[in-house]
Structure formats: C-alpha cells, structure tokens
Amino acid sequence: MRVSNIRSGRICRMALCLLVILPLLYLLANWSDHHKRVQEAYHTRFGGPKFSHQRLENRPREVPTLVEGLGNFEPRDLKPRTGPGENGEGHILSPDKKNVADASEMEYGMNIACSDEISMHRSVRDTRLEECKHWDYPYDLPPTSVIIVFHNEGFSVLMRTVHSVIDRSPKHMLHEIILVDDFSDKENLRSKLDEYVLQFKGLVKIIRNTEREGLIRTRSRGAMEATGEVIVFLDAHCEVNLNWLPPLLAPIYRDRTVMTVPIIDGIDHKTFEYRPVYGSDNHFRGIFEWGMLYKENEVPRREQRRRAHNSEPYRSPTHAGGLFAINREYFLELGAYDPGLLVWGGENFELSFKIWQCGGSIEWVPCSRVGHVYRGFMPYNFGKLASKKKGPLITINYKRVIETWFDDTHKEFFYTREPLARYLDMGDISEQLALKKRLNCKSFQWFMDNIAYDVVDKFPALPANLHWGELRSVASDGCLDSMGHQPPAIMGLSYCHGGGNNQLVRLNAAGQLGVGERCVEADRQGIKLAVCRLGTVDGPWSYNEQTKHLLHRVHKKCMALHPTTQQLSLGQCDVNDGYQKWLFKEIRPHW
Ligand code: UD2
Ligand code: MN
C-alpha cells in the first residue's frame, strides 16, 4: 500500500514534472524552429542573404518580424492636431486670396499660397495597410542621408518635406539631410533657406551648384557629397508618412545591392490634400511601354506568391524616379547616373536596368509611404542645357539608355515606336558600355524573362512600321493631327509642320495606326484618337500604295476628308476622289 502510495506519489510528481517540462521543451524547440523558419522563409523569398561572411560576423543581422503588438518603431503617443490641412485634409483658401493663389500656381505649378497656410508639422493620413503597424525592424539600421535636389521650389513646400523627414524618422538613423540647390534664381529663396536651416544645428546642409545641372547630375552630386551609409532621394515637394524609414532600410541592411522604393501617395497641387493613388488592397509596380513612357501595373501573381504577407516588399522592374533608397557606395560603384543624361527623364530606367542587369534588385515597400505633389505642369524650362543638345532632350536620354541596356530586338521596338529617335545625336556612350562589360551585366532578354515579364503582356512585341511620318492629304495639303488632345477625341487636319508629336503617324505591319502612345480609330462619327487596347498591337488599317487609300478593313471604307468642313470620316472608297488620297512623308529632325 505504502509502496504503491510512494510509487504513485512519485509517478504523480514525475507526471507533474513532465507536464511542466514537456511543454517547455516543446515551446523551446518550437521557438528556435520558428525562428529558423522565419529566417529561411525570408531568405528563400528574397533570394538568400547576399552579404559577405565578414559583414555577418561584424554585425549580427536580424530580419523584420511580424509581432502581436505595435512594431518597435511605430509612433506611440501621437496627439491629434487641428488646423488647416491637418490629417492630410485639403485646405481651401478664402476667396480673397484667389489672385495670389492663381499667381503662385502659375509660377510653381502648385498652390504655394495654400501650402503657406498649412503647418510645417501637419499630420497626414496613415495610408498604410493595417499589418504595417506590426513589424519589428532591426534596431541598428544604417545611418541615412536624405538628399533633396531642387530648382526654384516653393519655400514652405520644400521645408515641409524636411520637417516631415525629421518628425517621422528615428533620430539615430537620420544621419543628415542634404538640400542640393540646382542653381535656383528666385529672389530670397537663398537667404531665407540659409537662415531657416540654422535651427537644425547642422543636421540639414545646403550645397549649391554653380550652374544649372538638371536634376539627374544634381542627384549624383548629392550622392557624392553625402556621408551616410544609405542615401534616400526625395523630390522637394514631399511629405513622408508614419514610420516610413525603417521598412525602406531593412531590405538594404539585409543586402546592400537592393534598392528600395516607397509607395507614392498623391498630394493635390491645389489643396494639398494627401490621398493614396491606389486602393490599399492592390499592389502596383513600375513597368514601361516601348516609347519608354513609365507605366504602373498590378503586381503579377508570380511575384505576389514569393511573399508570405501582403505588407512585405515585392520586386519591381523599374520605378518612377524621384523617391528611393540605396546603399551609397553601391550607387557610386554603379557609376551613379550616366553623366551624359541631361536635366530630366530616363534616369529612372537607366538606374533600374543597370541594377537588375548587373546583379542587384529593386523592391517596392508597401509599408513605406511618401506623399508627392504632382504638379499641374512643369514650371521650369531646361535652361542652357536644352540648347546645347538640339532635339527633344528627353528622347535623347531614352536613346542613350536603350542603346546601352537593350539588345537589338528590343532597340527596334523603341525605334518603331519613336522613329525619329534613330536620327538623334545621343553623344558618346562608350563609358556606359565599358561599365556594363566591367560589371559583367546580364542581357536585356534575361531581364525581360525573369523580372519584367509583365511588360510584354501589356505591351507586346511591336511589328515593324510599314509607313511612318506625316500623313498628308493629297487634295488639301494639310496633315492628320491629334491637335494635342487626350483621347477620346476627334482627329483633325492642320498645316503640315514636319511631324511634331501630334503629326507623327505610324502604320505598322499588323494594321495599327498610331500617334505617340495612342491609336487612330474610326466609327460613324469620324476618325478618332483612342487609347490603344492594352495587350494588342494590331488594327484595322491598310494602305494602298497605288490608290493612296487608307482602308478601314472592318468597315470596308476609306479615310476621307470633307472638302469644305475639313472634317475626317470614313467614306465609300473611290479611286477618283482626291480627298481620299493620303501620302506618308517620312520626316527628319529639323534642328
Ligand atoms: C518624375 C520624378 C522625378 C524625376 C523625373 C524624371 C517622381 C515622383 N518624380 O518627375 O523625381 O525622376 O520624373 O527625371 O517620381 N529639379 C532640379 N533641377 C532641374 C529640374 C528639377 O533640381 O533642372 C528638381 C525639382 O525641384 C524636384 C526634382 O528635381 O525636386 C524632380 O523634378 P520634378 O518634381 O519636376 O519631376 P516630376 O516629379 O515631374
Ligand atoms: Mn516631383
């Protein structure tokens, strides 16, 4: 009895012990297993750690982790604010300020008078996914230089950019803010700025170009002068959102060859209302069409599937240009931007192709959001830089980029879409080609197959042009013209002027008649400028060299000009009617 009592007592104790120990052991095993799994998942998802062993030893790496409560860098004690534009709301000026407001819009492309009435520290709408509030990030993310280049920007907008960065970044990560003045010549801006930044006690530095360099070279200069490990570029009219910086830095901390891009929200150029560009459920990424116009496309399934959580970064073929983070030395190893690119445009593609083809990657970060004022129009001209290079400067930039990074097949797509570009002088690209060789960069086809595979879904391979140039009416001597309208619009006829953007027409081998990125279509109401159907390159047109007819094969009618009203429509084909005869006249740059 006793024995059994003792034994049963012992058994009881053992059972009790086991009851306590086993779950503990289980928890322990699971905890380390869980950790391993998180790390493995992270590494497989993002292609494995690329940093060297030495770096690993020197600095133990952590990965972002989803936690139950608020993430470690989430703001905790945000006080509600009231006042004009607070919480990202639009601010309407009183009617008596209409004149000043209009004048500032004319001058800056945005309503600076409205901005002037909004606090430098205003709060914005938190546009992030709920999940974003629950990530812990490594504490020792790299010290960062924020670089803001500007040319004649409005003072309050520029400084609100600066304040938002200071107000919403962890202190120990913000190494410096560098304002690079690209030769602004607005009165007062210089002295006002110098005085204003004194309050930041050295955290905000101003450097100035001694002549106008354009935003591309100015950014490269900023990168050279910065001393942080990572650089973040922002336009001079931004407001960063809550906890924007750690999620942007974490992927770079894991792998110095990742460039990261925040999701850009819109700030209204009239009211300064802060609002997301897209709904929060769908993610978009940067692609391009063959005329090198920047486009955004919903993230394909193939990429979505690489991630476990909807708020994690995803890979993108390219980016809009203005806002991104990159390891400074890595940016310089890539040669910064091609110094032959002038002023504005194409630099986003140059950097993107270079990064992907030469072994790096680009990730868009849903938990990092930054508002940007999309202006009504470009308020500055290209200055002396434009007159040095004759011809459309942006197209010349594109040509440099595609001649460096595309293969022959894809170069043809660009020249098919922009036939005049073939005749533009792009300058010397031998250094760019040498860099590509030295860095042992992969082919453009590799990039298209593995990264930018959604481009051809939206913008398929382009059939060659059978004819291009201005489309002259034989009877009237005028040319088909989109009149600078946006689709849907009626096409018109106007004085032939050597194929500016509105008159340069292309007929491809699949029957598509195009003007720029738009298509020419026809119905009962007439000949129309329309948005080309995404994913298609064909159309209903054919041209007969003998009759000079432009035949609409579906309606079986010909493009005709009304002799008196000059309106365009489809008519019963008639070989004797001069008003149905058209001539394609190839053009050449006339500068
Ligand atoms: C977009 C990009 C912009 C840039 C450009 C293409 C975003 C949100 N914006 O146009 O960053 O990549 O495409 O090149 O992705 N600036 C100068 N010198 C100049 C002209 C401009 O310093 O000669 C400054 C300007 O003050 C601004 C920045 O460069 O801070 C970008 O110019 P933008 O805002 O006119 O370009 P944006 O947003 O239309
Ligand atoms: Mn901008």
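A residue is called buried here when its relative accessible area is under 20%, exposed when that area is over 50%, and partly exposed in between, with a 1.4 Å probe and protein chains only. Helices (H or I, at least four residues) and strands (E, at least two) are DSSP runs, numbered from the N terminus.

The structure is a predicted model, in which local features need pLDDT of at least 70 and side-chain atom pairs count only at pLDDT 80 or more, whereas totals for chains, interfaces and linings use all residues. Residues are numbered from 1 along each chain as its sequence is written, chains are lettered from A and ligands numbered from 1 in the order in which they are written, and side-chain values use heavy atoms, with hydrogens and water left out.

**Buried helices**

Helix α11 (residues 347-357) is largely enclosed by the rest of the structure, because 11 of its 11 residues are buried. Its buried residues include the charged side chains Glu347, Glu350 and Lys354, and also Phe349, Phe353 and Trp356. After α11 comes glycine 359, which has a positive phi, near 100°. Helix α8 (residues 245-254) is likewise mostly covered, with 10 of its 10 residues buried; among them are Pro246, Pro247, Pro251, Tyr253 and Arg254.

**The ligand site**

Ligand 1 is surrounded by 22 residues, of which Glu153, Asp182, Arg219, Glu347 and Tyr380 are the closest; a residue is counted if one of its heavy atoms lies within 4 Å of the ligand.

| Side chain | Distance to an oxygen atom of ligand 1 |
|---|---|
| glutamate 153 | 2.6 Å |
| tryptophan 344 | 3.2 Å |
| glutamate 347 | 2.4 Å |

On its own, ligand 1 has 730 Å² of accessible area, and the protein covers 92% of it; such areas come from the Shrake-Rupley method with a 1.4 Å probe, and for residues only the protein chains shown count as cover. Two or more residues of the shell come from each of β3 (144-150) and α7 (214-225), and α7 gives the most, with three residues.

**Aromatic rings**

Rings of Phe, Tyr and Trp (its six-membered ring) are paired if their centres lie within 6.5 Å, and planes under 30 degrees apart count as stacked, over 60 as edge-to-face and the rest as tilted. By this rule there are 22 aromatic pairs. In one of them, phenylalanine 444 and phenylalanine 447 have ring centres 5.5 Å apart and planes at 45°, so this pair is tilted. The two residues are three apart in helix α16 (residues 444-450), about one helical turn, and both are buried, phenylalanine 444 at a relative accessible area of 1% and phenylalanine 447 at 0%. Both belong to one aromatic cluster, which also includes Phe349 and Phe353, residues that are among those buried in α11.

Note on methods. Polar contact = N/O pair within 3.5 Å; in protein donor to acceptor, adjacent residues only side chain to side chain.
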